Amino acid sequence: MPLLPRAVLSRVGSARARALCAAALACLLCSGWAGQAGAADVFYGAPLSAGQGEDLAWAAAWLDALDAAAAALARDPVVRLAELDASQLRGLAAVLPGPRALSRAEGRAFPFRADFLSDPLAEAKATGLAEPFALTPAEIPRALAAVEERARREEAILALERALPEALALAAEAHVLRVRGRASGEGTAERDFALQALAELAPAQEAAVGRVQARLLCLEALELTALELLPLDRGGAESFLTAPPTGGTDAALDRLTAALDMDPALLPARVAQAELLLREDRPRAVLRALDDLPAVSPGETHSGPDSRLLARGLRLRALGHLRAGQPALAEQDLDASLLLDAAEAETWLARGAVRQTRERPDGMCADYLQACRLGRCDGLAAARAAHLCPPN
């Protein structure tokens, strides 16, 4: 039985993380894992709290349960027709009924010593358990149709998957050091080495677990807001100024704020925060949330979830500019967004609305037509009802 599940080992992306995992496995003393998907034990100690240990264990368990759900979905005949990749399958599983970020089946801490936060060589064990996802066939078509919500989950899951291996590897290395230190006598070189190594490891370990917690908070915020039930841009140009807030917005914003306090660069949280702020009609706050997005230049090649996430961030910032009375800046952001993702109907629709605001009918009509070709014909229909964009 592997001490770290294959799914976690495959996620280790950095050379440092791979080396740490290899060292821990060689010692046969690192975090122990149950043989079934969705269960994990993690040893932890100073500087981490019981809550941090539980979050780390539960994140690993939840990702394994999610991988198992994605593998099961890949065999469903309806899902197979959609030709989803592995990341998209996990996004699909995450919007189906089942144990998601808010529905933790169990997370327990088992202290070995009561003073583990004051004694660097004392530690505890946290157990995370995530039940199998409920894959109800009747729910699959609805989940497949929730394209935007699946994309949000996919991006947040990918961020968690990238952050988890280093945190697990550091916890495993710290466990090995504590075992070595406890096995040595007072004042020995071996004990001194373990204490010094733990002190040097502590800042990186706390930062790595903080990144994992930030991503869990982002997932919880997405869970609190059923954003797919209220499409942001539905209804043409006027709807950009009147979209009401969704339920659970305050609680979701609280979690996103906490996530960004831990990791200010976490783009899925920044984009989710901006979307909720836009729904509350707070365009200036949207612009502050997304004020330093990476620049996009013509001719660059972009693809994958990261590209789609940045494209949505630019579209949201454009809508913030539009509501703030800055249509020229809005059009610039929409131009950049389309360089990243030209298959997004919402962005063509938004740029058509911006160009309509700027009284540029030729560009407006071309954008509304392209949005219609991609499935969003409401902008074109509204324009034609106003005797604009006549058929050729």
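## Helix H14 and the basis of the model

In helix H14, the buried residues are Ala 345, Glu 346, Thr 347, Trp 348, Leu 349, Ala 350, Arg 351, Gly 352, Ala 353, Val 354 and Arg 355. Buried here means under 20% relative accessible area, exposed means over 50%, and partly exposed lies in between (1.4 Å probe, protein chains only). Helices (H or I, at least four residues) and strands (E, at least two) are DSSP runs, numbered from the N terminus. The model is predicted: local features need pLDDT of at least 70, side-chain atom pairs count only at pLDDT 80 or more, and totals for chains, interfaces and linings use all residues. Residues are numbered from 1 along each chain as its sequence is written, and side-chain values use heavy atoms, with hydrogens and water left out.

H14 covers residues 345-357, and its 13 residues reach 19 Å from the first C-alpha to the last, close to the 18 Å expected at 1.5 Å a residue. The expected span of a helix is 1.5 Å times one less than its number of residues. H14 is mostly covered, with 11 of its 13 residues buried. At its start, a side-chain oxygen of Glu 344 comes to within 3.0 Å of the backbone nitrogen of Glu 346.

## Helix H3

Helix H3 takes in residues 50-73. Its 24 residues reach 34 Å from the first C-alpha to the last, close to the 34 Å expected at 1.5 Å a residue. Because 17 of the 24 residues of H3 are buried, this helix is largely enclosed by the rest of the structure.

Strand E1 (residues 39-45) is mostly covered, as 6 of its 7 residues are buried. E1 pairs with strand E3 (residues 123-129) in the antiparallel sense, over 7 bridges. Two strands pair if DSSP finds at least two bridges between them. Ala 39 has Leu 129 in E3 as its bridge partner.

Pro 47 is placed in the loop between E1 and H3. The peptide bond that leads from Ala 46 to Pro 47 is cis, with omega near 10°.

## Buried side chains and their contacts

Two residues of helix H7 are described here. Arg 153 is in H7 and is buried, with a relative accessible area of 5%. A polar atom of its side chain lies 2.9 Å from the backbone oxygen of Ala 94. Arg 153 is also 7.6 Å from Val 95, C-alpha to C-alpha, although the two are 58 residues apart in sequence.

Ser 337 is in helix H13 (residues 327-340). Ser 337 is buried, with a relative accessible area of 1%. The backbone oxygen of Ala 311 lies 2.7 Å from a polar atom of the Ser 337 side chain.

## Cavities

A search of the whole structure finds 2 cavities of 30 Å³ or more. On a 1 Å grid over the protein atoms alone, a cavity is a set of points where a 1.4 Å probe fits but cannot get out, and lining residues have an atom within 4 Å of a point. Grid points are joined across faces, edges and corners, and a volume is the space filled by probe spheres set on the points.

The largest cavity has a volume of about 40 Å³. Its lining consists of Arg 152, Glu 155, Ala 156, Cys 218, Leu 222, Pro 268, Val 271, Ala 272, Glu 275 and Arg 312. Helix H7 (147-182), helix H8 (189-224) and helix H10 (267-279) are the elements that give two or more residues to this lining. The largest share, 4 residues, comes from H10. The lining divides into 6 nonpolar, no polar and 4 charged residues. In this count, Ala, Val, Leu, Ile, Met, Phe, Trp, Tyr, Cys and Pro are nonpolar, Asp, Glu, Lys and Arg are charged, and the others, Gly among them, are polar.

## Positive phi values

Glu 359 lies in the loop between H14 and helix H15 (361-373). Its phi is near 55°, a positive value in a residue other than glycine. Glu 359 counts as exposed because its relative accessibility is 69%.

His 387 is found in the segment after helix H16 (378-385). Phi of His 387 is near 65°, again positive in a residue other than glycine. His 387 is exposed, at 75% relative accessible area.

Technical notes. Polar contact = N/O pair within 3.5 Å; in protein donor to acceptor, adjacent residues only side chain to side chain. 1 Å grid on protein atoms, 1.4 Å probe; cavity = no way out; pocket = protein on both sides within 12 Å on 5 of 7 lines; lining within 4 Å.
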